[in-house]
Amino acid sequence: MTPELAAALESLSLNQKVAVDWGEGAAIVLAGPGVGKTTVLTARIARILDSSRNRNFRTLALTFTTKAGDEMRTRVERLVPGLTDPTLIGTFHAFCAQVLRQHGSHLGIRPDFGVYDQDSDREELLRDALREATAKGEPVEERDVRWLKAIDQLRSNLIGPAKAASRFHDQSDGERAARVYTIYEAALRDRNIMDFNGMILDTCRLAHQVPAVAARIRQSYPYWLIDEFQDTSPAQYRLVRFLAGSDFKNVFVVADDDQIIYQWAGASYRQILVFREQFSPSLIQLVENRRCPPDVVRAANSLIAHNAERTPGKALLLATRADDCPAISQRVFATDVDEASGIAVEIAAAGAGSWGRTAVLARTRAILEPVLKALRAEGVKAAIATRRDRFISPQFTWLQACLEQALRPSDRHVFTMMVDAANRIAPMECDPALLAAEAEAAGRSFLEQWALAAQGCSEPEAQRLADFGLRLVQSRGAWRTVMKEALVWLPGTVDSSEGVVTDAEDDKAAWETALRAIRAEKGGEPELEELLQGLALRPKEPPPDPEAVALLTVHAAKGLEFDHVYLVGLAETVLPSWQSLQPKARPAELEEERRNCFVAITRTKECLVISRSESYRGWRKTASRFLTEMGLTGANGA
Amino acid sequence: MTIDIVLEEPEVGVWDADMVAVLEDVMTILPGGTNGVTVRVACVWNADKEAFDPRWEFLDAGGQPMTGKAQRATNLTGFFAYLPLFWLNALRDAPDEFTPRASYWGRLLRSVRIPNELENEALKTLADLDSRLIAADPHLAEIARGIGQATQVAIGEGPGAAKFNMLPLGIEAMLQRTGLMLRNENLWPWLPLASHGQGLQSLTVIFLLQAAALQQLTEAERPGIEAVFAIEEPEAHLHPQAARTLLPHILALKGQKLIATHSPYFTQHVPLHDLRLVRLRGGSTEVAAIPRRIVSDLPWTDQVASLAVHSGAMFEKDSVGGRVVATFWFNEALADRLKACYRADPTGAARRSAVDTLRHSCRVMVSPDDERELGFHGRRMRGEIFFARRWILVEGVSDYLLLHALGQALDWPLDAHGVAVIDFQQAGSPGIYAALAEAFAIPWNILADGDAESTKFLSQLRERGFRENDLRTSGQFVTLPPPNNLEDQLFADGHEALLREVLEKAGCGHARGCTEADLRGLVKNRKTDYMGKLASRVAGDPQLAARMPAPFVGLITRLREAGHDS
């Protein structure tokens, strides 16, 4: 055993040890915030790897985000260096992509499929396909593209085109949607493209049509771990069921029914119930909170006790830190403007040294925006963490599209995107439709036609872009050097003033972060199609600035921790939200709001400041009921 | 050059789970639910680098290169750990193969374990012996003293000394000196390998390969490993008898054997299904073999299943697509019964034509009866025919002699053009040879007499599934004008006087004066004698050759004009 693993096992609590040592059979670990669930998961994977050095089976660990997966892999590698190879650690989508690359041929999927992560790309693809179908005389028209949302809904519920029609109230609507759905799926296959819903759906289909695939996964991966199980969607859960079949029980899930905040995306307490029903797992509770001060733990316990949708017998969180000083303080302001500036002044006064360890949390982004403004006015470095699902600079939009073109030369939509992006980098006026027509007439690829046109421009940027393009046309194998040079050169094509981070620099940082993670996931240099598949699956925001105050919505803060947490907007109709307070609202909605508050306060490592104002946007608001529920009323801080 | 290495699990769940897990990233699932691995290894000429670029990739069940984790080099290492390759090339030099640095011998030596006790004892004995040998001649000690001064001069400190050593000082050094001694007969002296003939040396290397493979596979101790032996020209330097007896030894190697051979003797005893004919044609390498099973478009039905029960192992169900599979050739009667199975099928006409297509494709298959016929009284078929570029099938020796003579006379010697003339009546039936030729894609012709026999041959071929179009229409089946046999035809062509002359030369004194009827009797009974003489006359006389029976002359002329490959 490595000294790192030995030390990690040594530091486990009794319950953590039970979880890490868990052998065969299903288990559910209920892990509240700050109880070291990632420690348990990584130690468990490391222990399995370490104790099976002379065996060759593999371990499957599914995470909710790519970031969590990347971090888990790094931590396991630290515990058992060199042993992580026989693991598959990643998101459901990454896992499905791997299964489809390997066995997708049974469904007519080729291993080098592309991934469309943008709705606009998918709409364009469907519109093209509809146009072709109309030309062939099928009873559809271009504006049937409006059915795409409904089709997505069907796909996320694992409903294929054959059964689609019966899902509609109106029969003729149903038939039409089913027809469009069939055309959409055929277009995806034809162009060798996958969409996100399709990855789960097709993997389910594969497990269904070729049972040997599921049998192989069970045999080669005898241990499955699922992180953040409460956040899995019904489709993801059904995939697990399909793959497990009726006899496989080695599913080890970590969940917290008190941290379900993705109900709108299908996450539900019911998932945990269904899992308990179908897998009859043993229950392990991790309750020793090692993160938060006892004050915060008390408030959290008292708050969440008001929820009913919880696992029966769920134990209280146990504070383990010293109870030396009060850790929670409250602020009340007259207006939201005062709240923003008051919080900003307080953070500014704490000094630049603490900013990187400070977070401002709120239920919605709208509450954060004035705080950001106020912080900047005080000269505090701060940023609202956002999730980007695409590159925002023309520079990196171009690079991604250009590499896509090298892989799928006939993708007209990507071509249009590439030409438009290039027009913005170098002042050119290339017309993608015209270029495409010329390319077809001359028998050239789109990329080559564009590169030749760009080469003729006088701008040095245009010529450099053209050169990259032509090198890719000559040999697709040149993509590595093209990417390397472009990563260095592209950010320099933007004029910027000192000290301002440009979009291109943000994108470059995001690109490099993603590239590192893709390498780590594969355990080697990725091929072009893997890079592009990996980029599609990963977020495209730059890594956070370690010296800036992080402004986060509660959803974005999940899984993170900070020394100093400011939770703003603790007022009725803000947190809890207006919808959850409507007379028609289901009780589950208010429970989810409560869990939002629970997640927010349990991010705290040192001190928590809870603030509210008496009015927001001119409307009077009373104090949030959660303050009372946390046992905080009366304790009115200065 | 591209080689696909295809491994398929024979039945679901047979492959070791641990092996499957190791190869998980490259292992596909075949339509029947079994596991499979396909690796494509290619060597492509790179004009820029002026060198061959080796490349490899694993393929998915649809034959597409797999991406992602499957592309990591560790997969290839893992793959070959389960499929170790033992390779012997044609140019092997036995003494080199038995040096400690040679891969197989070296590996064997490294695996030898000597108990510590014995090692210590041996080293002590050797040290004793060594000092006694050195001390035997005082002259040696003197020389050592002289050389010892050298270290003094070079380093300049201390007294400096030197001594001699004659015998090996360590167990490794001793093992490395291990040599092979052989003796052919009990009373003959033991001689080192290098002092034996090339044949024995070459053979020894093959058995060394076997020993090394056994050793390595025992050491690996992992289930699932299956060795592949690639041996080039195992027959090298061996006389025909030894080459023929080598096969069972090679077949005894545990694992798959890939053997490249140029030896008709070695080939002669290889089961026909195991033969792969490799040849260069039109710039690319072609590999031909006899199919073991042919999958049809016909669906497997209950009726077909009961027909299969009553017709031996002739028809099987394809586990992948549920189609009818044929394992041997089958005759018209069976084809009719198969057609009858689809009587109720709405697409009956299409099914019937699919049965015909299947029967036609199956004509190239070899049944156990065929193999028995070819192997009757030892293998009468000659291995050399597989090295020919064209076969001409004839009935007997006289046709054989005449054809060769015509080739000589018409300036198109058959051997020089890779044509094998097979007198099939001595070794099988024309049907089998025509089937083999089709299976191995060897162009072929039949030249038969014009008598009732030829009708029999023709019906044999038809019975097997050959169609009119494959035979007479294409000119592959040619006979002498009915009802003539070769001798009749020679008379008909006005060669009576010539026949009297050659028979006389062949020792039949009375041939010149006998009646025509007697003469006909003579040529019939002494075919080889008269044809031996006639053939040598024909070979040296192009004008005479041109007057030989037209089908014979015509065939050679046609081949000469077309080039042999047409």
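Predicted model: local features only at pLDDT ≥ 70, side-chain atom pairs only at ≥ 80, totals over all residues.

1. Two strands are said to pair if DSSP finds at least two bridges between them. On that basis, strand E8 (residues 228–232) of chain B pairs with E9(B) in the parallel sense, over 5 bridges. One of the residues involved is Glu232(B), whose bridge partner in E9(B) is Ala260(B).

2. The pairing of E8(B) with E9(B) belongs to an open sheet of 3 strands in chain B, with the order E5-E8-E9 and parallel pairing. Its edge strands are strand E5 (85–88) and strand E9 (256–260) of chain B, each of which pairs on one side only. From one strand to the next, the twist averages 10°.

3. A helix accompanies this sheet. Helix H8 (residues 198–220) of chain B lies across E5 and E8 of chain B, and its direction is at about 165° to E5(B).

4. Because 10 of its 10 residues are buried, H16(B) is largely enclosed by the rest of the structure. Among the buried residues are Ile432(B), Tyr433(B), Leu436(B) and Glu438(B). The surroundings are both helical and stranded: the buried residues of H16(B) pack against helix H14 (368–375) and helix H17 (452–464), and also against strand E11 (284–288), strand E15 (390–394), strand E16 (419–423) and strand E17 (444–448), in chain B. After H16(B) comes Ala441(B), which has a positive phi, near 55°.

5. In chain A, a helix pair may be examined. Helix H5 (residues 92–103) and helix H9 (residues 196–209) of chain A have axes that come within 9 Å and cross at roughly 55°. That angle makes H5(A) oblique to H9(A). The crossing is left-handed. H5(A) contributes residues including Phe92(A), Cys96(A), Val99(A) and Leu100(A), while those from H9(A) include Phe196(A), Met199(A), Ile200(A) and Leu206(A). The residues of this contact divide into 9 nonpolar, 3 polar and 1 charged.

6. Lastly, the two chains touch. The contact draws 21 residues from chain B and 25 residues from chain A. On the side of chain B that touches chain A, helix H1 (17–22) and strand E2 (28–29) are the elements that give two or more residues. H1(B) gives the most to that side, with 5 residues. The residues on the side of chain B comprise 9 nonpolar, 7 polar and 5 charged.

Notes:
Residues numbered from 1 in each chain as written. Chains lettered and ligands numbered in written order. Buried ≥ 20, exposed ≤ 12 C-beta atoms within 10 Å, placed from the backbone. Helix = DSSP H or I, 4+ residues; strand = E, 2+ residues; numbered from the N terminus. Contact = placed C-beta atoms within 7 Å. Axes fitted to C-alpha atoms, helices over the stretch in contact; angles between N-to-C directions. Parallel < 35°, antiparallel > 145°, perpendicular 65-115°, else oblique. Left-handed = near helix turned anticlockwise from the far one by under 90°. Nonpolar A, V, L, I, M, F, W, Y, C, P; charged D, E, K, R; others polar.
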